[in-house]
Every structure is written in structure tokens, then in C-alpha cells.
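Welcome! Open your viewer, get your selection tool ready, and follow along stop by stop.

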Amino acid sequence: MSNFLVSKCICQEKEFTEVKEYAVKHNISTVRELQEHNYCACKCGLCIPYLELMFKTGETEFEPGASINRKS
Ligand code: FES
């Protein structure tokens, strides 16, 4: 098992902890709103499913594939 955790938007160099703080400060609760602020998730989009999980669970670090593995 890998020790690597997904914890940032690589394209826009934002740690999910920073994104979470920004979202709280600006009353943001969706990825779309982050994109409208041009803050995060505006380029390749690979971080989007992890950000959706962040909004859902409050977590800021995820095992790779968490967005697929946790779907019910
Ligand atoms: S990793 Fe977030 S847009 Fe590419």
C-alpha cells in the first residue's frame, strides 16, 4: 500500500487545507464556486473529485482513488 496521499491542487499550487480555509472564509461550498473565484480546480480537473470529497467529509488528505473507492 502506498503512503502517498492526495492533498493539493497541483496546477494551482493550493493545499486542500488552504482551499478549505478559503472556502470557509468566502462561504463557498462547491467546486464550481471555487472555479468561479478562479481559486482552484480551474485547469486539468484531477483535483475535482477530491475537492468534492473535501466538501462532503471535511478531510484534506485522501488515498489515491478515494473518489472512486468511496462511492456508494
Ligand atoms: S490538479 Fe487541480 S486543476 Fe489540475
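A residue is called buried when its relative accessible area is under 20%, exposed when it is over 50%, and partly exposed in between, using a 1.4 Å probe and protein chains only. This is a predicted model, in which local features need pLDDT of at least 70, side-chain atom pairs count only at pLDDT 80 or more, and totals for chains, interfaces and linings use all residues. Residues are numbered from 1 along each chain as its sequence is written, and side-chain values use heavy atoms, leaving out hydrogens and water.

**First stop: Cys40**

Please select Cys40, in the loop between α2 (31-36) and α3 (48-57). Helices (H or I, at least four residues) and strands (E, at least two) are DSSP runs, numbered from the N terminus. Is Cys40 buried or exposed? Its relative accessible area is 0%, so Cys40 is buried. Now show its contacts, meaning heavy atoms within 4.5 Å. Leaving aside neighbours within four places in sequence, Cys40 touches Cys9, Gln12, Lys14, Val19, Leu34, Gln35 and Leu51.

**Second stop: Lys14**

From that list, pick Lys14, which sits in strand β2 (residues 14-15). The C-alpha atoms of Lys14 and Cys40 are 7.0 Å apart, although 26 residues separate the two along the chain. With neighbours within four places in sequence again set aside, Lys14 is in contact with Lys8, Cys9, Val19, Tyr39 and Cys40.

Next, colour helix α1 (residues 16-25) and α3: they pack at an angle of about 55 degrees, with axes 11 Å apart. To see where they meet, show Phe16, Val19, Lys20 and Ala23 in α1 together with Tyr50, Leu51, Met54 and Phe55 in α3.

**Last stop: two backbone angles**

Find Asn27 in the loop between α1 and α2. Asn27 is not a glycine, yet has a positive phi of about 55 degrees. Its relative accessibility is 68%, so Asn27 counts as exposed.

Finish at Ala41, in the loop between α2 and α3. Ala41 also has a positive phi, about 70 degrees, without being a glycine. Ala41 is buried because its relative accessible area is 3%.

Conventions: Axes are lines fitted to C-alpha atoms, for helices over the stretch in contact, and angles run from 0 to 180 degrees between N-to-C directions.
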